[in-house]
Amino acid sequence: MDWKTFQALLSGVNKYSTAFGRVWLSVVFVFRVMVYVVAAERVWGDEQKDFDCNTKQPGCANVCYDHFFPISHIRLWALQLIFISCPSFMVVMHVAYRDDRERKYKMKHPDSDKLYTNTGKKHGGLWWTYLVSLFVKTGIEVAFLYILHHIYDSFYLPRLVKCSGAPCPNLVDCYIGHPTEKKVFTYFMVGASGLCIVLNICEIIYLISKRIARIGNKFKRRHRSTAVRQEDYNSKEPFNNIRLAVPSRDRKDRPPSFKSAFKSSHGISSLIMEEKIRASAPNLSSS
């Protein structure tokens with residue numbers, strides 16, 4: 001398997017990932033792919049050759065090895081690394097689809113705006129594609145851990161196994177080559193897989209919480225804008241300001257209105273007429 005090509009393909013996903021996605025990619029390459037290529041393949045190089053049984057019966061060692069190792073650890077981990085990388089290519093394919101759609105749109109409408117401000121930004125369908133890829137990766141990791149646990153009984157590799165299947169003549173003792181070393185690498189790869197599951201779960205929670213916060217901020221801004229528009233409408237309404245109290249100092253500074261001038265002139269003329277009537281009337285009190 002060409003791991004350099006595998007790394008080049010996955011590196012394209014890195015620029016569309018979040019911080020948790022970048023850490024996940026680093027863990028996959030450093031703690032899983034590198035350990036797999038450098039050390040694990042050599043430890044499990046020819047494990048069937050190192051599987052010794054205390055009998056020379058033809059076919060007995062092969063049957064016992066197939067019973068206790070139905071699938072090799074190293075091949076199972078290679079399949080796991082390939083399967084967990086496939087969902088990440090969904091994101092790359094979705095971005096490529098956006099780029100192609102943007103290119104075709106610009107060819108048809110050269111003077112119009114772009115369809116996407118940034119084709120790699122996780123909005124709309126790309127956000128759902130990224131989220132689904134995280135769920136698929138987590139499910140694959142859990143499924144492979146379950147398969148490994150189911151086949152090898154809690155990831156434990158014993159030094160001695162006993163086999164009694166045909167064509168073995170009786171109960172045969174078989175010995176696994178490098179059992180401690182294989183056990184250490186098994187626990188290491190299982191721990192790295194568990195760490196990747198935790199990172200995927202953290203990224204799922206981060207994406208969902210960020211989406212909820214964005215929706216909440218949009219709702220708040222919309223509610224705030226509607227409240228401001230309602231206040232502006234109430235302030236411009238002419239009938240709301242009829243009964244407003246005017247301070248006395250403001251009243252003094254204002255020019256007299258027609259009604260006040262009419263009342264004052266009417267009051268002065270009535271006083272003059274009353275004085276004339278009193279002057280022309282006879283003085284009845286003297287008589």
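A: Let's start with Cys64 and Cys163, which are joined by a disulfide with an S to S distance of 2.2 Å. Bear in mind that this is a predicted model. The angle about the S-S bond here is -90°, and the link of Cys64 and Cys163 is left-handed. It connects distant parts of the chain: Cys64 belongs to helix α3 and Cys163 to strand β2, 99 residues apart. Cys64 and Cys163 are both buried.

Cys60 and Cys168 are bonded, with their sulfur atoms 1.8 Å apart. This time the link is right-handed, with 100° about the S-S bond. Cys60 sits in helix α3, while Cys168 is in the loop between β2 (160-163) and β3, and the two are 108 residues apart. Cys60 and Cys168 are buried too.

Then there is the bond from Cys53 to Cys174, at 2.0 Å from S to S. The Cys53 and Cys174 link is right-handed, with 105° about the S-S bond. Here strand β1, holding Cys53, is linked to strand β3 (residues 172-175), holding Cys174, across 121 residues. Cys53 and Cys174 are buried.

Now for the pattern. Number the bonded cysteines in sequence order and you get the pairing 1-6, 2-5, 3-4.

Cys196 counts as buried because its relative accessibility is 0%, and the cut-off for buried is under 20%. Cys202 has a relative accessible area of 30%, so it falls in the partly exposed range.

On to the rings. The structure has eight aromatic pairs. One of them is formed by Phe20 and Tyr206, a tilted pair with 5.8 Å centre to centre and 55° between the planes. It spans distant parts of the chain, with Phe20 in helix α2 (residues 19-43) and Tyr206 in helix α6 (residues 179-236), 186 residues apart. Phe20 is partly exposed at a relative accessible area of 29%, and Tyr206 is partly exposed at 32%.

Phe51 and Phe69 make another pair. Their ring centres are 6.2 Å apart and their planes stand at 85°, so this pair is edge-to-face. Phe51 is in the loop between α2 and β1 (52-53) and Phe69 in the loop between α3 (60-68) and α4 (73-108), so the pair ties together parts 18 residues apart in sequence. With a relative accessible area of 4%, Phe51 is buried, and Phe69 is buried as well, at 10%. Phe51 and Phe69 also belong to a cluster in which ring pairs link them with Tyr65 and Tyr152.

Finally, look at where charged side chains meet rings. Lys137 lies over the face of Trp24, 3.8 Å from the ring centre. Arg211 puts its charged end over the ring of Trp127, at 4.5 Å from the centre.

Methods
Residues are numbered from 1 along each chain as its sequence is written. This is a predicted model: local features need pLDDT of at least 70, side-chain atom pairs count only at pLDDT 80 or more; totals for chains, interfaces and linings use all residues. Side-chain values use heavy atoms; hydrogens and water are left out. Rings of Phe, Tyr and Trp (its six-membered ring) pair if their centres lie within 6.5 Å; planes under 30 degrees apart count as stacked, over 60 as edge-to-face and the rest as tilted. Helices (H or I, at least four residues) and strands (E, at least two) are DSSP runs, numbered from the N terminus. Buried means under 20% relative accessible area, exposed over 50%, partly exposed in between (1.4 Å probe, protein chains only). A charge sits over a ring if NZ of Lys or CZ of Arg is within 6 Å of the ring centre and within 35 degrees of the ring normal. A disulfide is a pair of cysteine sulfur atoms within 2.5 Å.
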